[in-house]
Amino acid sequence: MMIRQSPLFLGLIQTSLSKVSARCLTAEAAYALREDEAMPRHEEYANIDWNNLGFSPRRTDYMYKSTCASNNTFDQGQLIDYGNVELSPAAGVLNYGQGLFEGTKAVRGEDGRILLFRPDQNAIRMQIGAERMCMQSPSVKQFVDAVKQTAIANKRWIPPPGKGSLYIRPLLIGTGPILGLSPAHEYTFLVYASPVGNYFKEGTASLNLYVNNDFHRTTRGGAGGVKSITNYAPVLKPLLRAKEQGFSDVVFLDSVHKKYIEEVSSCNIFLVKGDVISTPSTVGTILEGITRKSIIDIAHDLGYKVEERLVTVDELMEADEVFTTGTAVTVANVGSITYNGQRVEYKTSDCGLVSQKLFKRLVGIQSGKIEDKYNWVVAIH
Ligand code: COI
């Protein structure tokens, strides 16, 4: 009698033979894994409320890990149990901030397919960031494969259609020990994932933003244009202050003239005046958002004029409509902006909102409901 083992079982055996102490899953086994085969190893899955996901980390099943030692190439990488990572106290990321992150999402289409959105663009952005931060980076192919494997291995955590997404967080960190200031000699590429709903606690309600005049996110010649972890801790202070006063997020101004808008701590910003959509140009101080550039393409195709240029805070205050874009945020309408004690309110409930049209088109493409003429969507299952 021949006994057929499930691919999951074979995947586990294969990796345990290779003497890896944590439970590992081969890519083949991950792709063959049925949702009912994934083991409910913690209560969180049983208690998940798909209608109220919010945006906080949940311990999913697997994460991907690959390491690049002194030979400058990343090893093949593998899926391992989601869990803590061990680091040298002298790791480059801990001591000198050599770290980059990305964010991308997997959604479940109504036809059951699992869809990713432009993961190659995240891979390219990580490579550009790695070059700026003197780090080794994985190839575009390895990055995209790792994102696919992580999504598939955690597919039971992908919310039902329309309820949210599996937010996938690739990380590149200097794990080699160093003491003098220099690039680390070892890098680790990790990809973990968590199911998420709305980024802001406001849900889909309009945001109230605060323009900060005292703190700046970055400056010309800095690293504000790359997704370095070092760009995010410095915004926490102004962000928390704004939240204490009831605002949703902070708009940062340029650090030289203190009059041009740059970005919001968690997303890019756009304004609408008449039929023209404007957004700050990316000149090294603003993150080159993947949602930002997708929205610019969609807006052009919907017939809007889009200007990427210096945008003053005064123009922002006089706009008809304001919205923000980002992977986590998607497209969020702004209801008010407060600057120098003055609060202005924008159109929010009008059904002709430009941001609503852009949001619907983007989400329609991402979820497979609207034809993807751009070839942005990658179906993985
Ligand atoms: C994203 O939108 O994916 C980001 O990385 C922003 C982060 C502050 C959540």
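In the protein chain, the mean positions of the 41 positive and 40 negative charges lie 2 Å apart. Here Lys and Arg count as positive and Asp and Glu as negative, with His and the chain ends not counted; each charge is placed at NZ of Lys, CZ of Arg, CG of Asp or CD of Glu. The model is a predicted one, in which local features need pLDDT of at least 70 and side-chain atom pairs count only at pLDDT 80 or more, while totals for chains, interfaces and linings use all residues. Residues are numbered from 1 along each chain as its sequence is written, and side-chain values use heavy atoms, leaving out hydrogens and water.

The protein chain contains 10 helices and 18 strands (DSSP runs numbered from the N terminus: H or I of at least four residues for helices, E of at least two for strands). Its radius of gyration, taken over C-alpha atoms, is 22 Å, close to the 21 Å from the globule rule for 381 residues, so the chain is as compact as a globular protein of that length. That rule is 2.2 Å times the number of residues to the power 0.38. The C-alpha trace spans about 75 × 55 × 35 Å along its principal axes.

How much of the chain is buried? Buried residues make up 52% of the 381, where buried means under 20% relative accessible area, exposed over 50%, and partly exposed in between (1.4 Å probe, protein chains only). Among contacts (heavy atoms within 4.5 Å) with a separation of 6 or more, 69% join residues 24 or more positions apart.

K227 sits in the loop between strand 9 (207-212) and helix 7 (236-244), and counts as buried because its relative accessibility is 12%. Beyond neighbours within four places in sequence, K227 is in contact with G99, L100, F101, E102, G103, R125, Y232 and L287.

Two further loop residues deserve a look for their backbone angles. Most residues other than glycine have a negative phi. K258, not a glycine, has a positive phi of about 55°; its loop runs between strand 10 (249-253) and strand 11 (261-264), and at 39% relative accessibility K258 is partly exposed. N340, also not a glycine, has a positive phi of about 50°. N340 lies in the loop between strand 16 (330-339) and strand 17 (342-345) and is exposed, with a relative accessible area of 60%.
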